[in-house]
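Good morning, and thank you for the time on today's agenda.

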Amino acid sequence: MQSEPETVCNVAISFDRCKITSVTCSCGNKDIFYCAHVVALSLYRIRKPDQVKLHLPISETLFQMNRDQLQKFVQYLITVHHTEVLPTAQKLADEILSQNSEINQVHGAPDPTAGASIDDENCWHLDEEQVQEQVKLFLSQGGYHGSGKQLNLLFAKVREMLKMRDSNGARMLTLITEQFMADPRLSLWRQQGTTMTDKYRQLWDELGALWMCIVLNPHCKLEQKSSWLKQLKKWNSVDVCPWEDGNHGNELPSLTNALPQGANANQENMGQCKSLEYQHLPAHKFLEEGESYLMLAVEVALIGLGQQRIMPDGLYAQEKVCRNEEQLISKLQEIELDDTLVKIFRKQAVFLLEGGPYSGLGEVIHRESVPMHTFAKYLFTSLLPHDAELAYKTALRAMRLLVLESTAASGDMSRPHHIASVVPNRYPRWFTLSHIESQQCELASTMLTAAKGDVQRLETVLESIQKNIHSSSHIFKLAQDAFKIATLMDSLPDITLLKVSLELGLQVFL
């Protein structure tokens, strides 16, 4: 193939403390990222620093010149670029010769080659106008031509900036968010009372997640956080700003993205990244002796998963609750538990069991609190080899599903940290209820399997199943599971499990 003719481009790059602060190129290509010529010059400067002559700041060079040299320098400069600089040169000359001019009131003169002060803020070059134009273009395409993929690439770029502690991350996300808020489809959907597409909602979810990363950054200053809070409140007050919970009641009662069902639905994805190795990296500056970032990450994840939270109203938000929980548990399952992490699991399980209103595993919870079945199944399997008593206590506490109860216990009001359950007068719209009930069934099945051969534990699990599971199809499934577990080929039939199977089977017909 015939190659394109070679072209010569004039490229200028300004640096400040190892950062590229501005770029210009005569090729005229406009994009969020640097053109190929800027990249080429940057690589050349990195790989062959000796080939690029280093000059002192121009102010230092001029200081070394005498009067004749200065005049020659200026006249040659004007002669070489007379069409571009002559008007400016004449204007500056007139101002310098005028004693009352503004330029003579300032001591010294600017030097663009001297760099910034050590205390000045420094950040990478970012063409803000191009970021706005590109995001606006991608949004206007409405999901066609890979625009969603392009926006996700921008989000990935923001994540990369945050990882490198580049101050442009927050700047770039602000520009992206402003274009999302200006999308004309938002007002159209609000007027028509229709919901946005799932793909578009996922983009908004990513926006929210990135802002969370920014405002929780422990390295940013208080004035930055205050500024971001003001901006976020401003966006939130705009009428067209989408609600996190969806459009409250406009969703159809059918899952657009079917959640996984059954015993091994995610494999009382998750097994594909076992090759990753997580290590305890000490953090001497922030943590107590013996603590590591891995310990903190695991503990924060357990705290977040165990928080009591009310099920949101919207279909999409309910799906997101399940999806986010399963994604976080999937990440945790990649970590091999050592003695240090097991201690954290024990401590958090006890805290959650004894906790008040903040805990989803507390003694008394709100009727519409998000169930803990999926999380409890993970806790149960993790704790079982190390503390069976605590594992069963946690899983049995999580078996409840109060939203299906006709009445709920009022709670012990003598203990002020408990939430008094409200006697229900309606059944809320839980679009994900079938998925939640299947997870409840999985938790019960996991306990039945682990309790084989232990008469007391099997009786306790049976009582919990009879009290908390309301779906006859799931009770029948558990009866089948109990029978299979009791009659495994490698051992004698477990009489107690057979009785459990029989009782559950009879309950289906009662």
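Let me settle one term before anything else: two residues are in contact when heavy atoms lie within 4.5 Å. With that in hand, please find glutamine 64, which is in contact with Leu56 and Gln69 once its neighbours within four places in sequence are left aside. Glutamine 64 sits in the loop between helix 2 (58–63) and helix 3 (67–80). Is glutamine 64 buried or exposed? Exposed means over 50% relative accessible area, and glutamine 64 counts as exposed because its relative accessibility is 59%.

The protein has a mean pLDDT of 84, and 85% of its residues reach 70 or more. Two stretches call for caution. Over residues 247–267 the pLDDT is below 50, although this stretch has 45 contacts in the model beyond near neighbours in sequence. Residues 269–275 also have a pLDDT below 50, and there the model shows 7 contacts beyond near neighbours in sequence. Where pLDDT is low, the predicted coordinates should not be read in detail.

Now to the protein as a whole. It contains 19 helices and 2 strands. Of its 510 residues, 35% count as buried. The accessible surface comes to about 31900 Å², and carbon and sulfur atoms account for 56% of that area.

Near the start of the numbering there is one annotation to mention. UniProt, in an unreviewed entry, places the feature "domain: SWIM-type" at residues 9–46. Over residues 9–46 the chain is 29% helix and 34% strand, with the end C-alpha atoms 19 Å apart.

Turning to the cysteines, how many disulfides does the structure hold? The number is 0. Cysteine 25 is in no disulfide, and the nearest cysteine sulfur, that of cysteine 27, is 3.5 Å away. A disulfide would need the two sulfur atoms within 2.5 Å. Cysteine 25 is partly exposed, with a relative accessible area of 22%. Cysteine 441, by contrast, counts as buried, at 0% relative accessibility.

I move next to the interior. In soluble globular proteins, nonpolar side chains tend to be buried together. Here, the largest nonpolar core has 49 residues, and those with the most contacts inside it are Val298, Leu302, Phe375, Leu448 and Ile465. Apart from that core lies another, of 33 residues, among them Leu154, Met161, Leu186 and Trp211. Leucine 302 touches several residues beyond four places away in sequence, including Leu332, Phe345, Phe375 and Tyr378.

Phe345 also leads us to serine 382, which touches Leu337 and Phe345, again not counting residues up to four places away in sequence. Serine 382 lies in helix 14, residues 373–383. Why does serine 382 count as buried? The cut-off for buried is under 20% relative accessible area, and serine 382 has a relative accessible area of 10%, so it is buried.

Asparagine 468 counts as buried, since its relative accessibility is 6%. Leaving aside neighbours within four places in sequence, asparagine 468 is in contact with Met399, Arg400, Leu401 and Gln440.

That concludes the presentation, and I welcome your questions.

Note on methods
Residues numbered from 1 in each chain as written. Predicted model: local features only at pLDDT ≥ 70, side-chain atom pairs only at ≥ 80, totals over all residues. Heavy atoms only, no water. Helix = DSSP H or I, 4+ residues; strand = E, 2+ residues; numbered from the N terminus. Buried < 20%, exposed > 50% of the residue type's maximum accessible area, 1.4 Å probe, protein only. UniProt positions renumbered as here; feature names shortened; annotations may be inferred. Core = buried A, V, L, I, M, F, W, Y, C linked by side-chain atoms within 4.5 Å. Areas by Shrake-Rupley, 256 points an atom, 1.4 Å probe, with all protein chains shown as cover. pLDDT = per-residue confidence, 0-100.
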